Amino acid sequence: MPVQTLKWQDDALILLDQTRLPQELVYETCRDVETVAQAIEVLMVRGAPAIGLAAAYGVVVGALAAKDDEPAEFQRRVKTDIDRLARTRPTAVNLFWALDQMGAVLADHASADNPTACAALLATADRLFAEDQQICRQIGRNGAELLRDGGQIITHCNAGGLATADYGTALGVVYAAQETGKQVAVFADETRPLLQGSRLTAWELMQSGVDVKVICDNMAASVLRREKIDCCIVGADRIAGNGDVANKIGTYGLAVLAREHGVPFYVAAPVSTLDISLATGDQIPIEERSAAEIRAGMGQPTAPDEVPVYNPAFDVTPCDLVTAIISEKGVARAPYAPTLRTWVES
Ligand code: MRU
């Protein structure tokens with residue numbers, strides 16, 4: 001991929017600062033857990049799989065900072081770090097999935113020396129990173145079969161390389177289709193309020209030579225009516241056991257519009273985004289973000305200073321609006337519950 005979202009280098013986590021794209025390509029070096037946690041909170045790194053990977057490396061950052069402590073104090077400090085990282089963003093289940101694995105490795109090394117525990121934690125974060133690269137490519141291959149040469153799609157937010165180790169989920173499907181010689185054109189919803197679609201998806205697709213046009217979110221209905229749109233493809237932050245999908249706010253509206261226009265609505269996500277412990281999407285915790293993001297979109301005043309604001313970062317698309325869920329394990333169609341369970345348990 002043309003750009004690296006995050007990497008481990010010289011005992012530090014290096015993050016591409018996505019808040020500064022597309023104007024500036026700047027990497028930040030994180031050498032303490034609080035810096036990693038705040039990077040996740042301000043969306044310097046964002047997108048469900050990338051959040052999980054950043055948190056996994058964040059645990060390694062914390063472990064290295066505690067490596068000269070007594071082993072019991074080392075364990076206590078790294079557990080506190082895991083708790084801090086778990087409080088950053090509530091919706092993307094990949095965060096908790098990754099932290100659970102790091103916590104289990106920490107517990108397994110309760111009687112090991114600190115360097116051994118640190119090495120095991122780093123090996124786990126590296127494994128999750130490498131697996132995410134492979135998983136995204138498999139999602140891409142599975143989804144590419146649903147696209148035709150010359151097809152046009154709409155996507156929402158950014159579910160690309162910038163939201164994963166690289167390659168992406170929804171955009172991975174586009175890249176994989178392109179790699180097999182199919183030309184796919186993308187309409188990218190700008191994705192209010194933080195413009196992940198116009199700032200990130202459009203930028204990322206242009207870097208990869210994919211035909212992309214940005215539309216404001218409120219143009220999707222007209223595009224669906226006037227253009228030949230083959231399908232919508234989006235990512236997900238958490239998918240409940242019945243197939244309800246939490247994704248960036250505005251996804252639900254796009255799904256309703258797709259249904260109205262008879263256009264398939266696909267969700268591409270790794271199995272690590274499934275949360276079959278939740279029966280339906282009503283149980284998914286939805287992050288509410290600061291009013292400042294609406295009152296001053298990207299720094300410019302866009303509403304009266306004191307106006308009350310409602311700013312949920314995600315919405316839930318009911319499973320009956322979802323045509324198929326694409327994962328590294330295959331393509332699921334309704335009823336979702338049995339297939340999702342099989343994917344998680346296999
Ligand atoms: O708030 P963000 O930018 O983290 O939201 C990201 C999304 O909603 C993505 O669509 C989702 O995480 C899929 S990532 C492959």
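Reader: How many cavities of 30 Å³ or more does the count come to?

Author: This is a predicted model, where local features need pLDDT of at least 70, side-chain atom pairs count only at pLDDT 80 or more, and totals for chains, interfaces and linings use all residues. Residues are numbered from 1 along each chain as its sequence is written, and side-chain values use heavy atoms, leaving out hydrogens and water. A cavity is a set of points on a 1 Å grid over the protein atoms alone where a 1.4 Å probe fits but cannot get out. By this rule the count of cavities of 30 Å³ or more is 4.

Reader: What volume does the largest cavity have?

Author: Its lining has 23 residues, each with an atom within 4 Å of a point. Arg-46, Gly-47, Ala-48, Asn-158 and Asp-237 lie nearest the centre. A volume is the space filled by probe spheres set on the points, which are joined across faces, edges and corners. For the largest cavity that is about 180 Å³.

Reader: Which side chain of opposite charge is nearest to Asp-237?

Author: Asp-237 sits in the loop between strand 7 (231-234) and strand 8 (238-240); strands are DSSP runs of E, at least two residues, numbered from the N terminus. Asp-237 is buried (under 20% relative accessible area, 1.4 Å probe, protein chains only). It has no salt bridge (a side-chain nitrogen of Lys or Arg within 4 Å of a carboxyl oxygen of Asp or Glu). At 5.8 Å, the nearest side chain of opposite charge is Arg-89.

Notes: Helices (H or I, at least four residues) and strands (E, at least two) are DSSP runs, numbered from the N terminus. Buried means under 20% relative accessible area, exposed over 50%, partly exposed in between (1.4 Å probe, protein chains only). Lys and Arg count as positive and Asp and Glu as negative; His and the chain ends are not counted. On a 1 Å grid over the protein atoms alone, a cavity is a set of points where a 1.4 Å probe fits but cannot get out, and a pocket is an open set with protein on both sides within 12 Å along at least five of seven lines; lining residues have an atom within 4 Å of a point.
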